[in-house]
Amino acid sequence: MSTPFPFTAVVGQDDLRLALLLNAVSPAVGGVLVRGEKGTAKSTAVRALSVLLPEVAVVPGCRFSCAPAAPDPACPDGPHERGPGAQRPARMVELPVGASEDRLVGSLDIERALSEGVKAFEPGLLADAHRGILYVDEVNLLHDHLVDLLLDAAAMGASYVEREGVSVRHAAKFLLVGTMNPEEGELRPQLLDRFGLTVEVAASREPDQRVEVVRRRLAYDDDPEGFVARWADEESAVRQRVVAARELLPSVRLGDAALRQIAATCAAFEVDGMRADIVMARTATALAAWAGRTEVLAEDVRQAALLALPHRRRRNPFDAPGLDENKLDETLEEFSGEGDGDGDGDGGSDDNNDTDPDDHGPGGGGGQPTPDDGGPRDGDEAAQPEAGEGGAPQPSPSGAGERQPARASEPFRTKVLSVPGIGEGAAGRRSRARTEHGRTTGARRPQGALTKLHLTATVQAAAPHQRARGRSGPGLVVRRDDLRQATREGREGNLVLFVVDASGSMAARQRMSAVKGAVLSLLLDAYQRRDKVGLVTFRGAGAEVALPPTSSVDAAAVRLESLPTGGRTPLAAGLLRAHDVLRVERLRDVHRRPLVVVVTDGRATGGPEPVALAGRAARLFAADGTASVVVDCESGPVRLGLAGKLAGELDGVAVTLDELRADALAGLVRDVRGTSSRRAA
């Protein structure tokens, strides 16, 4: 096991360190979600925190880490007698992105439960993390149902495992930390709200700070143990401060004035529900304890708002998290208390003069951890960050006839486009698929470990053999060959690849605005259905991949908004580039089925025989069986119907911009291949 990088040696990242320490002081805060670009010390800081946590006393031999002074009466390994226990370091358990539900919550041996009547339970990661840290790297890539299970356990402090009427419960109280790169996709707002605090991190752009990051990282790599020893005193001081803050926490007073400021702040920023108020109250209390005070001040409320509210203000997937600090200060000033220990008329900003909250909001406040030797505030021990997929769009292949980008019109609810057949891709909400969750459609013999028992089919398989097996009592004699796995059908996410015509024929501002509004609406739909998206544009001399397939719908929206128009219409080039993108993506993810959405008026110009070339390119998709839909952007009293002909070559369907709206048709679900096949027949 490698020696973790010291927590106090992380250069800068004050907000991140503070949020982690507050959760160490008070796990009731609800965990931390760390958002930021790659290479910003997210994982390093989380792993380093585990070393600072005090040791925990456990019942010897208990797989669920029961406290010897107050063992869990429902512990599967219990009951335990009160008494002396063994000391061990607090654990940091990592949840891999590809983990199964059984790996997270634990698994039951169904065969023994049916045949012997015993609850043979194998603990999962939630049990391992009890009284420690549960760390989820790239939490935004975790399947939604696993995130729901994880957050439910964190909120209830217990995990429940139920399989065909057999139930096991055990305690699961842990400090939950998730990290994510927004370029790879966002969490749903409902899941964001379940994290207590959120911190945005970024690499410093100041050379001195970056030099210090590199210097410390190189020193650590050369001699990890020696480097850790040099920071031992600082580590010990922070560890003792965490213990002292935990002991002080029950004595901290949250006055009425502070409560009014918390409620007023949440109301002013129009956050949904009451979870934000509760988290702010707990965070402000933890900040006071961390600062060694027994009274919550206005500066604690301000700092708590900056940590607890930004991610709760998202109203749709394309809203960036953030908080207007001027509005926050005005609200705190308006509702500042008098004579209640919660700050004076100026919101308590004069009570602590060793920090300046005006420049770096989350870095100020009474609970700020002591920085090291005036070291840099933002940095990372890792390599320099690279440009992400959500950055500025690449130059267009041709600037001829280029016009300024038109703004997208107001998005609308689109009808559902689905891929035909039954897939086996990642869980989502678009097309039918065989999944671990969903309605039961049948039974089969298990291939490998049994995960979902089909009880009726199992009993039917075992029943004819009871006499031969010597059954003499009421119990059913079940053998492994009798077990049947339930087959279930749910929904999968797809790869929605947009192929957008940005040529001169689309350049009328009102027309392009409507086109962008339609694509933006489809992007919103893809976000809600947990799809990956990609964007290919064509105009002028050729086509380009404006956005490779990604889970970040936000990045696609940014590229779409800045899309210029003008030049000829190389439709064949756009289709061929899209076909190449799908070919590469199939090698990366063979189970994710694609849906191609071509947004064009169907015209093809430039080069010899542009229409014939476009037809041949379209037939490549039909030969591969790729589901496709053409959004017909042609307008005016005289229409050529070229988009419909293109849809026929693709073996797909064509819909107009008006037909794309969900309320334009009586049937909302349309199989994009089935309709085209019927038309071709």
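**Pockets and cavities**

Author: This is a predicted model. Its second largest pocket holds about 790 Å³ of space. The lining counts 31 residues, and Pro27, Ala28, Lys173, Phe174 and Leu175 are the closest to the centre. Elements giving two or more residues to this lining are α1 (14-25), α6 (144-156), β10 (175-180) and α12 (275-290).

Reader: What makes a residue such as Pro27 part of the lining of the second largest pocket?

Author: A lining residue has an atom within 4 Å of a point of the pocket. Pro27 is listed in the lining, so it has such an atom.

Reader: How are the lining residues of that pocket divided by class?

Author: There are 18 nonpolar, six polar and seven charged residues.

Reader: Why is the space lined by Leu495 and Leu582, among others, called a cavity?

Author: In a cavity a 1.4 Å probe fits but cannot get out. Helix α18 (residues 571-588) gives the largest share of its lining, three residues.

Reader: What is the volume of the second largest cavity?

Author: About 50 Å³. Its lining has six nonpolar, no polar and two charged residues. Arg430 and Asp525 are in that lining, so they count as the charged pair.

Methods: Residues numbered from 1 in each chain as written. Predicted model: local features only at pLDDT ≥ 70, side-chain atom pairs only at ≥ 80, totals over all residues. Heavy atoms only, no water. 1 Å grid on protein atoms, 1.4 Å probe; cavity = no way out; pocket = protein on both sides within 12 Å on 5 of 7 lines; lining within 4 Å. Points joined across faces, edges and corners; volume = space filled by probe spheres on them. Helix = DSSP H or I, 4+ residues; strand = E, 2+ residues; numbered from the N terminus.
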